[in-house]
Amino acid sequence: MPSQLFWLAILFMALYVALSRYILPKLSDTIEKRANRIAFGLDEAARLNNQAVEARKALELRLAEARSKARETAERARVKSEAELASETARVDADVSKKLEAAETRIKRLRSDAMKNVEAIAVDAAEAMIGKFGVKATKAELGKAVAKALE
């Protein structure tokens, strides 16, 4: 039994030496390398995340500038189109006013000519009616009477 204890102690010593000199250093190196790789990966991820955040901020800034520029362009286009519309409306209004004045002048002239014809017809009709009754009147008198009646 003591010899078994002796060999057990030798085996544990050999195992201890093998573990402490060969296996544990390699294992700790592997663990340390893995920890370094994880730390490097986390640092790289943080750096890339910061770059992504900065890129997003830059993109948002450029989008805001583009929106602002688009609003300005749209406003300039709206103002320009409103000015063109106002100019075209004024031109059309002036054209319509000229045509309306010409039409009113023509209507007044036609009405005046028609009234002269009506007066002449009324004078002729009055002369014919009075002639049937046997009353005599001059055309000037009949014209005055018709003009008075038409007023």
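I began with leucine 5, which is exposed at a relative accessible area of 54%, where exposed means over 50%, buried under 20% and partly exposed in between, with a 1.4 Å probe and protein chains only as cover. The model is a predicted one, in which local features need pLDDT of at least 70 and side-chain atom pairs count only at pLDDT 80 or more, while totals for chains, interfaces and linings use all residues. I kept in mind that residues are numbered from 1 along each chain as its sequence is written, and that side-chain values use heavy atoms, with hydrogens and water left out.

Leucine 5 lies in helix H1, residues 2-133; helices here are DSSP runs of H or I with at least four residues, strands are E runs of at least two, and both are numbered from the N terminus. I then looked up the nonpolar surface patch formed by Leu5, Leu8, Leu11, Phe12, Leu15, Leu19, Tyr22, Ile23, Leu24, Leu27 and Ile31, which together have about 1100 Å² of accessible area. Such a patch takes residues with over 30% relative accessible area and no salt bridge, joining nonpolar side chains (Val, Leu, Ile, Met, Phe, Trp, Tyr) within 5 Å and like charges within 9 Å. The areas come from the Shrake-Rupley method with a 1.4 Å probe, and for residues only the protein chains shown count as cover.

**The two helices**

I next checked how H1 packs with helix H2, residues 139-150, and found an angle of about 120° with the axes 9 Å apart. The axes are lines fitted to C-alpha atoms, for helices over the stretch in contact, and the angles run from 0 to 180 degrees between N-to-C directions. H1 and H2 are therefore oblique to each other, since angles under 35 degrees count as roughly parallel, over 145 as roughly antiparallel, 65 to 115 as roughly perpendicular and the rest as oblique. The crossing of H1 and H2 is right-handed, that is, the near helix is turned clockwise from the far one, whereas a left-handed crossing has it turned anticlockwise by less than a right angle.

**Salt bridges**

I counted a salt bridge wherever a side-chain nitrogen of Lys or Arg is within 4 Å of a carboxyl oxygen of Asp or Glu, and the count comes to 6 salt bridges.

Arginine 47 pairs with glutamate 44, the closest N and O atoms being 2.2 Å apart, and these residues, 3 apart in helix H1, are separated by about one helical turn. Arginine 47 is partly exposed at 38%, and glutamate 44 is partly exposed at 26%.

Glutamate 60 forms a salt bridge with arginine 56 at 3.2 Å between the closest N and O atoms, and both lie in H1, 4 residues apart. Here glutamate 60 is partly exposed at 42%, whereas arginine 56 is exposed at 58%.

Arginine 78 and glutamate 75 form a salt bridge with closest N and O atoms 2.2 Å apart, and I noted that Glu75, Arg78 and Glu82 are linked in a network of salt bridges.

**Distances along the chain**

Glutamate 141 is found in H2, is partly exposed at 48%, and is 74 Å from glutamate 75, C-alpha to C-alpha, at 66 residues apart in sequence.
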